[in-house]
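Student: I'd like to learn how to read a protein model. Could you walk me through a few features?

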Amino acid sequence: MSAPSAPAPIVVQKYGGSSVADLDKIRAVAERIAATVADGRRVIAVVSAMGNTTNELIALAQQASPAPDRRELDMLISVGERITMALLAMCLRDLGVAARSLTGSQSGIITDERHADAQVVEVRPDRLLQTVEDGTVAIVAGFQGVSRQREVTTLGRGGSDTTAVVLAAAVKAEHCEICSDVDGVFSADPRVVPSAAKLEDLPLEAAVELARGGAKVLFEDAVRYARDHGVRLTASSTFGPGSGTRLQVKDAPTKPVAVTSDHQLVAVSTSAADVWSLLAACGARVRSVEGGQAIVDIRNVHGALPDALEAQPVARVRAVASALAERPDRWHRAHDALQVDGIDVQAHGAAGDVVWWQVPAERLSDAVRVVHEALHRPG
């Protein structure tokens, strides 16, 4: 008697808002998934809301209230992904591919109690595995889960990427593919630096540092989880040709030079009364504490910060490369180039693989170009 054949491998594919912006694109995504199934793989597809739906829902909430209640905000903004998942399942069925849509909670994603910036604490993938066991494609609403108090929660910006990675780890997927409108990770944003080169391979440790610096294609929670749980990641284009970027679980001997920027930061005094509880309550994330101030990411605040914090806007450029901070001969070249270009360096720092510069927000794109050119100059 011959041994039973091994089950087909599972792959997780995540499709961002630009990939599912309208019905034509959703149909194209369905065809891409159908081709993956025909190639002998079981598919879990994680989807974002269509186009700018989430931003539009947040704007609607802010019209209702300048500081919307975060529980009710989660109830509102979680619907965008549910629309996409149902439409994609319909399109797959029309192609003759069995498909079933599942919410984050139905997929077993359990989070903490934070609203609009929840952290995944557990994944119970039984229903998800039952769905794909017979070849049915599971279409999962990204960006959302359920708390142990049975409250709907969302995972913050980039939460659909996080959904894909945690599910890939839970089901022991062959790999996880992050699909967007660009073919991988570049040495800088190609819309800002036309000479930016695509990185064929990128260590996950470097990916975490780029994500912390504001890289658009990478989201910190997702890449950190992939690093910590051994998930194989690929960042690739949904529709265009190209090999994408392979994000390696194990570190490489060298990290390529990459430059990113972030303007969604503020500085607050650490001496303010109840500073840490105020930041946590509004969804702000502390990036670093430098002297008497905290540098805070405000992507998931969705309202005004408390006046008591006296927040000041901050814009920073971050360069990542192997032991870059230990090579002042290299990064001082970029530092000097910023000054030659007349860009005011308000603060700077260096540690490990990272060097950063704080600059005026209106010169941020110029600073990215200057730093990228200086660090990629031969010699």
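Tutor: Let's start with the hairpin of β17 and β18: two residues lie between its strands, and G352 there has a positive phi near 60°. This is a predicted model, where local features need pLDDT of at least 70 and side-chain atom pairs count only at pLDDT 80 or more, while totals for chains, interfaces and linings use all residues. Residues are numbered from 1 along each chain as its sequence is written, and side-chain values use heavy atoms, leaving out hydrogens and water.

Student: How many bridges join β17 to β18?

Tutor: In general, strands of a sheet pair through backbone hydrogen bonds, either parallel or antiparallel. Strands here are DSSP E runs of at least two residues, helices are H or I runs of at least four, both numbered from the N terminus, and two strands pair if DSSP finds at least two bridges between them. β17 (residues 347–351) and β18 (residues 354–358) run antiparallel, joined by five bridges. A351 is opposite V354 in β18.

Student: Which strands form the open sheet?

Tutor: The order is β5-β4-β7-β8, with mixed pairing. β5 (120–123) and β8 (152–154) are at the edges with a single partner strand each, so one side of each has no neighbour in the sheet. Inside that order, β4 (residues 109–111) and β7 (residues 144–147) pair in the parallel sense over two bridges, and T111 has S147 in β7 as its bridge partner.

Student: Is α6 mostly covered or exposed?

Tutor: Buried means under 20% relative accessible area, exposed over 50%, and partly exposed in between (1.4 Å probe, protein chains only). α6 is mostly covered, with eleven of its 13 residues buried, including G159, L167 and V171. Just after α6, K172 has a positive phi of about 55°.
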